[in-house]
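Subject: Structure handover

Hello,

Here is the structure I said I would pass on. Please open it alongside this message and keep the numbering to hand.

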Amino acid sequence: IGSHIADALLMISDIGRRPKLIQRCIDYYRTALSMVRKEVFAEDFAALKTRLGLALHAHAASSGISTHLNEAAEAFSAATSIWTIAEQPHRWADIQNSLGGLLITMGKITREPSLFDRAVSIFVKIIEVQNRTRAPLIWATTLANIGAALKEKGLAAQDMELLQRAADAYRRASQVFSELHLESNAKAVEAQRAELLQMIAAGAR
């Protein structure tokens, strides 16, 4: 019941951008995890760890405070120790994408460019395992995340080449989203690409 309350609080806090609710959500997930034995209820444990990581990431992203990010990274790591690349490749990929997104947020908050490189490395590993043919949605989502990481590093370094690479990643992701008839995803990625192309054009003048 506690985990369901936490799920609801996370949705409400995300919609209303209410940090106090995010903190309550985190507390509920922590309490639920304290009652779940990993060795007995491994699936439930992994799911709760993933949700806790997402809630901690949401807290950091909304507050601009990096305090919870290390705990979030640990939560994702704990989940992938159960949902492994060999046994649960799709779940593993989803969590790794979340971890990469976490590193992007951490890089933006701490202004440490190497974190964007770490995020890209994680994303590249995902698309090596889950290629376009085998898992097109995961592939496209990961390409979009690569675009996000390259964009943030390019903006931090004012590097037009990185921004161009980010735009290309967005373009490739958009193509697959369109093929899958996920028009909202395609439009969101195209909007990011258009913004980048404007920046590149302005920088070339």
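Below are some notes on salt bridges and on the nonpolar core.

The model is predicted, so local features need pLDDT of at least 70 and side-chain atom pairs count only at pLDDT 80 or more, while totals for chains, interfaces and linings use all residues. Residues are numbered from 1 along each chain as its sequence is written, and side-chain values use heavy atoms, with hydrogens and water left out.

Salt bridges

A salt bridge here is a side-chain nitrogen of Lys or Arg within 4 Å of a carboxyl oxygen of Asp or Glu. By this rule there are 10 salt bridges. Helices mentioned below are DSSP runs (H or I, at least four residues), numbered from the N terminus.

One of the salt bridges joins the side chains of D27 and R30, at 3.8 Å from N to O. The two residues lie three apart in helix α2 (residues 19-34), which means that about one helical turn separates them. On accessibility, buried means under 20% relative accessible area, exposed over 50%, and partly exposed in between (1.4 Å probe, protein chains only). D27 is partly exposed at 36%, and R30 is partly exposed at 30%.

Another salt bridge is formed by K153 and D117, whose closest N and O atoms are 2.7 Å apart. This pair links distant parts of the chain, with K153 in helix α7 (residues 136-157) and D117 in helix α6 (residues 114-129), 36 residues apart. K153 has a relative accessible area of 21% and is partly exposed; D117 is also partly exposed, at 34%.

R132 and E179 form a salt bridge too, with 2.8 Å between the closest N and O atoms. Here as well, distant parts of the chain are linked: R132 sits in the loop between α6 and α7, and E179 in helix α8 (residues 160-179), 47 residues away. R132 is partly exposed, at 33% relative accessibility.

Nonpolar core

A nonpolar core is a set of buried Ala, Val, Leu, Ile, Met, Phe, Trp, Tyr and Cys residues joined through side-chain atoms within 4.5 Å. The largest one has 61 residues, and F123 and I126 have the most contacts inside it. Elements giving two or more residues to this core include α3 (42-63), α5 (89-110) and α9 (183-204).

Which residues does F123 touch? Leaving out residues up to four places away in sequence, F123 is in contact (heavy atoms within 4.5 Å) with Q96, N97, G100, G101, I104, T142, N145, I146 and A149.

Regards
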